[in-house]
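This report examines how one protein chain is arranged, from its overall contacts down to individual residues. The sequence and structure are shown first.

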Amino acid sequence: MAALRAHQLAKELGLDSKSLLVVAEKAGIAIKSHMSSLDEKTAQKLRTLHANGKLVLSPTPKKKGRNRASD
């Protein structure tokens, strides 16, 4: 089987690549970029963390824009 790229795993888990890099770092897994290859052991560890709810980021607050309807 071909190596899995970080961005592919992020898509599989429903995360964006940057979020995957952040949570991997928090889990002690060094991933340099979204194009880094992950071995099956590392990918499975991240999948397990995600399945157990331990691979969760707090939601990013959306920027408050100007509400044009109230102008």
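## Contacts and overall architecture

Among the contacts in the protein with a separation of 6 or more, 59% are between residues 24 or more positions apart. The model from which this figure is computed is a predicted one. The protein has 71 residues, of which 27% are buried.

Three helices and two strands form the secondary structure of the protein. Read from the N terminus, these elements follow the order β-α-α-β-α.

## Packing of helix α1 against helix α3

Two packed helices are described by the angle between their axes and the distance between the axes. Helix α1 spans residues 6-13 and helix α3 spans residues 40-51; the two pack at an angle of about 25 degrees, and their axes are 11 Å apart. Because angles under 35 degrees count as roughly parallel, α1 is described as roughly parallel to α3. The crossing of α1 past α3 is right-handed.

Which residues of α1 and α3 meet? From α1 come L9, E12 and L13, and from α3 come A43, L46, R47 and H50.

## Residue A10 in helix α1

Is A10 buried or exposed? This residue of helix α1 has a relative accessible area of 0%, so A10 is buried. Once neighbours within four places in sequence are set aside, A10 is in contact with L15, D16, S17 and L20.

A10 and A43 are separated by 33 residues in sequence, and their C-alpha atoms are 10.0 Å apart in space.

What does the side chain of S36 reach? The S36 side chain comes to 3.5 Å from the backbone nitrogen of K32. With neighbours within four places in sequence left aside, the residues in contact with S36 are L4, R5, A6 and I31. Of these, A6 falls within the span of helix α1, residues 6-13.

Methods
Residues numbered from 1 in each chain as written. Predicted model: local features only at pLDDT ≥ 70, side-chain atom pairs only at ≥ 80, totals over all residues. Heavy atoms only, no water. Axes fitted to C-alpha atoms, helices over the stretch in contact; angles between N-to-C directions. Helix = DSSP H or I, 4+ residues; strand = E, 2+ residues; numbered from the N terminus. Parallel < 35°, antiparallel > 145°, perpendicular 65-115°, else oblique. Left-handed = near helix turned anticlockwise from the far one by under 90°. Contact = heavy atoms within 4.5 Å. Polar contact = N/O pair within 3.5 Å; in protein donor to acceptor, adjacent residues only side chain to side chain. Buried < 20%, exposed > 50% of the residue type's maximum accessible area, 1.4 Å probe, protein only.
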